[in-house]
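This briefing is intended for a reader who has the sequence and the structure at hand. Please keep both in view while working through the points below.

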Amino acid sequence: MTSSSLIARIALVAMLLAFVVIVFGAFVRLSNAGLSCPDWPTCYGKATWPGHEQEIAHANQAFPERPVETHKAWREQVHRMLAGSLGTLVLALAFVAAWPRRGSPAAILAAALAAALGVALYIKGHPDVSAVLSGLAMALPLLVAWRLQRPAPYRIAVAALAVIIFQAMLGMWTVTLLLKPIVVMGHLLGGLLTFALLAWIALSLSTHTQATPAQQRLRPLVILALVLLAAQIALGGWTSANYAALACGSDFPTCAGSWWPATDFREGFVLWRGIGVNYEGGVLDGAARAAIQIAHRIGAVLVFGAVLATAIAGWRRGLHRHAHALALLLCLQVALGIANVMLLLPLPVATAHNAGAVLLLFVLIALLVRTRNADPVEPGLPK
């Protein structure tokens, strides 16, 4: 097996696991379980979560401000376990991509060691030293990726390790900063960036079909659709983090009985607020939340137009499977979004809406790879 084939397979497995982590993370967030473990990375001081009566009593005594809710705590801790497994896969991916370049594998292992020590020191109450080690853990893979003389998928496979380490830090801040909206949204975007990088690596190293000149000219439209989709996902994350999904009640396409209700965009889009505030349940008033919801709806219209135009253009250039998938997922995503409002955010529908966004992202990345004009295989290596 060639190195490109091995990297493609690891990236594929990691991508599938990243999808599970993102969707399960949405389930955790939407079921209001984001603070069900008040500490990190343990849960009430345990590697799992309190389950027996004695453990629950001890946990309640240690964390009186957050009584144990076992039906929520397991969700948060299982999500962390899945994310940890994903991190291990990304570490393996980075190591294989850097092998056997001189010094690079050692730097990758040093980054992993620094990250592990950072977590251990954080648990022991040394956050400053932990932050320094975490910064080093992120810098080393980026340095290796910058110096690595290999095709782009190999370099991105190494850089993905830095992304996953930063994603772990965002997960920690999500808990320690009490669901601060900018951190919650960043954590969602970090997960999607990890998924996107893994998808691009896997598809780039396993797709060898040469695009026609007409198909290559589709790339700017695909990139535009990707940018708009990323912005819309960020808006969706901001909507969820600020508990604004039901700001219009069950009213659609109008909002609270009006096409343009009372809104406060200035207050609704303040990115950084004070530290120490518990954001669980949201802190914004109705006008600010309505502004966020309306912005998300406007963004949905823009994304719908861009993705539909991409699907039509892809169909006309012979990319029928991609076009079919885009059109189907786009319609499904719109239906799920409307159902979220009209059915008052049922958990299965809201979780599926998050999964639909990830699948749309995947198809657009696949289309981006399919319309490239070069095959990222190292010279001299068989395909």
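C37 and C43 are both buried in this predicted model. These two cysteines are joined by a disulfide, with a sulfur-to-sulfur distance of 2.0 Å. A search of the whole structure finds two disulfides, and the points below begin with this topic.

**Disulfides**

- A disulfide is, in general, a covalent bond between the sulfur atoms of two cysteines.
- In the bond between C37 and C43, the torsion about the S-S bond is about -75°, and the disulfide is therefore left-handed.
- The other pair consists of C248 and C255, whose sulfur atoms lie 1.9 Å apart.
- For C248 and C255 the torsion about the S-S bond is about -85°, so this disulfide is left-handed.
- C248 is buried, and C255 is buried as well.
- When the bonded cysteines are counted along the chain, the disulfides follow the pattern 1-2, 3-4.

**Cis peptide bonds**

- Most peptide bonds are trans, and most residues other than glycine have a negative phi.
- The peptide bond from W40 to P41 is cis, and its omega is near 0°.
- P41 is found in the loop that lies between α1 (3-30) and α2 (53-62).
- A cis peptide bond also leads from F252 to P253, with omega near 5°.
- P253 belongs to the loop between α9 (219-241) and α10 (265-268).

**Residues with positive phi**

- Y243, a residue other than glycine, has a positive phi, near 55°.
- Y243 is located in the loop between α9 and α10.
- L345 is not a glycine either, and its phi is positive, near 60°.
- The loop between α12 (320-342) and α13 (347-370) contains L345.
- L345 counts as partly exposed because its relative accessibility is 29%.

**The contact between helices α3 and α4**

- Helix α3 comprises residues 70-98 and helix α4 comprises residues 104-123; their axes come within 8 Å and cross at roughly 160°.
- Angles over 145 degrees count as roughly antiparallel, and α3 and α4 are therefore roughly antiparallel to each other.
- The crossing of these two helices, α3 and α4, is right-handed.
- On the side of α3, the contact is made by L91, A94, F95 and A98, while α4 contributes S104, P105, I108, L109 and A112.
- Of the residues in the contact of α3 with α4, eight are nonpolar, one is polar and none is charged.

- A157 is part of helix α6, which spans residues 152-176.
- Is A157 buried or exposed? A157 has a relative accessible area of 0%, so A157 is buried.
- Which residues does A157 contact, leaving aside its neighbours within four places in sequence? These residues are L93, A94, A97 and I201.
- A94, one of these residues, also takes part in the contact of α3 with α4.
- From A157 to L205 the separation is 48 residues in sequence, whereas the C-alpha atoms of A157 and L205 are 11 Å apart in space.

Terms used:
Residues numbered from 1 in each chain as written. Predicted model: local features only at pLDDT ≥ 70, side-chain atom pairs only at ≥ 80, totals over all residues. Heavy atoms only, no water. Disulfide = S-S within 2.5 Å. Buried < 20%, exposed > 50% of the residue type's maximum accessible area, 1.4 Å probe, protein only. Axes fitted to C-alpha atoms, helices over the stretch in contact; angles between N-to-C directions. Helix = DSSP H or I, 4+ residues; strand = E, 2+ residues; numbered from the N terminus. Parallel < 35°, antiparallel > 145°, perpendicular 65-115°, else oblique. Left-handed = near helix turned anticlockwise from the far one by under 90°. Contact = heavy atoms within 4.5 Å. Nonpolar A, V, L, I, M, F, W, Y, C, P; charged D, E, K, R; others polar.
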